[in-house]
Amino acid sequence: MSNQTDQAFLESALSFFPHLSSAEKNLLLQNTAAVSYKKGSSIHRADYKCLGLLLVKSGSLRVYIMSEDGKEITLYRIYPGELCILSASCVLSSITFDVYIDAVEDSQVLQVSSSVISLLMHDNIYVEAFANRAAAERFSDVMWAMQQILFMSFDRRLAIFLLDESASLGTDRLTLTHEQIAKLMGSAREVVTRMLKYFSQEGYVALSRGSVTLLDKKALRKLADTQP
């Protein structure tokens with residue numbers, strides 16, 4: 001890695017970096033690549049080669065699982081400054097399920113070789129602890145996603161989704177189609193369209209082709225905070 005900015009980003013994102021030896025630091029830096037992904041591109045599939053650790057510099061990624069009949073369930077999103085450990089599931093013996101990763105928007109990612117992560121985990125307890133902690137934190141996100149799907153009403157799920165997207169993107173106008181929202185939420189487009197139409201009639205949002213604008217966040221928050 002020759003880019004000093006990328007190196008600084010890598011060092012800040014990996015808490016174990018100060019605990020690496022000089023040789024380990026050089027090995028890590030030499031096996032980290034800056035990669036660009038276009039919006040909608042597939043980054044990882046069940047039959048793909050194990051990618052390794054992904055660190056998002058810009059854009060965002062979606063991690064999801066897929067049923068045999070092609071139904072997708074989003075497990076979590078990865079935003080700038082965050083990392084994906086499940087893309088290195090081949091070096092985590094506790095991860096036995098396949099995940100899929102797509103770029104939600106044009107994204108810049110630092111990709112650390114899976115073989116290097118595996119070697120460092122074997123030789124350095126700080127790297128192993130970091131990887132296990134990151135996996136545990138993501139498992140918490142997975143459980144939250146499952147809880148939403150299984151036990152939460154769809155109107156509440158959609159309100160939470162819209163508010164979270166608005167907060168993460170820093171705008172009340174979300175450039176997302178109903179199909180994209182459905183895919184991100186693991187639902188059917190028809191269900192999303194029906195609920196958005198209801199939200200629009202209630203004055204919570206304004207709908208236009210390819211976008212949703214939040215008009216009444218107070219009402220959406222009230223709905224999102226409603227206990228089932």
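I'll take the cores, then the sheet, then the salt bridges. Please keep in mind that this is a predicted model.

Start with the nonpolar cores. The largest one has 39 residues, and L28 and L61 have the most contacts inside it. Helix 4, residues 125–151, gives this core its largest share, six residues. A separate core of 27 residues lies apart from it, and includes F161, L196, V212 and A219.

Back to L61. Setting aside neighbours within four places in sequence, its contacts include I43, L54, V56, I78, I101 and V104.

Four strands form an open sheet in the order 1-8-3-6, with antiparallel pairing. Its edges are strand 1, at 32–37, and strand 6, at 83–84. Strand 3, residues 52–58, is joined to strand 6 by two bridges; L55 has L83 as its bridge partner there.

On to salt bridges, of which there are ten in the whole structure. D102 pairs with R45 at 2.9 Å, N to O. D102 sits in strand 7, R45 in the loop between strands 2 and 3, and they are 57 residues apart. Are these two buried or exposed? D102 counts as buried because its relative accessibility is 11%, and R45 counts as buried at 19%.

R189 forms a salt bridge with E179, the closest N and O atoms being 3.8 Å apart. E179 is in helix 6 and R189 in helix 7, so the pair ties together parts ten residues apart in sequence. R189 also meets E190, at 3.5 Å. R189 is partly exposed, at 38%, as are E179 at 43% and E190 at 45%.

Terms used. Residues numbered from 1 in each chain as written. Predicted model: local features only at pLDDT ≥ 70, side-chain atom pairs only at ≥ 80, totals over all residues. Heavy atoms only, no water. Core = buried A, V, L, I, M, F, W, Y, C linked by side-chain atoms within 4.5 Å. Buried < 20%, exposed > 50% of the residue type's maximum accessible area, 1.4 Å probe, protein only. Contact = heavy atoms within 4.5 Å. Pairing = 2+ DSSP bridges. Salt bridge = Lys/Arg side-chain N within 4 Å of Asp/Glu carboxyl O.
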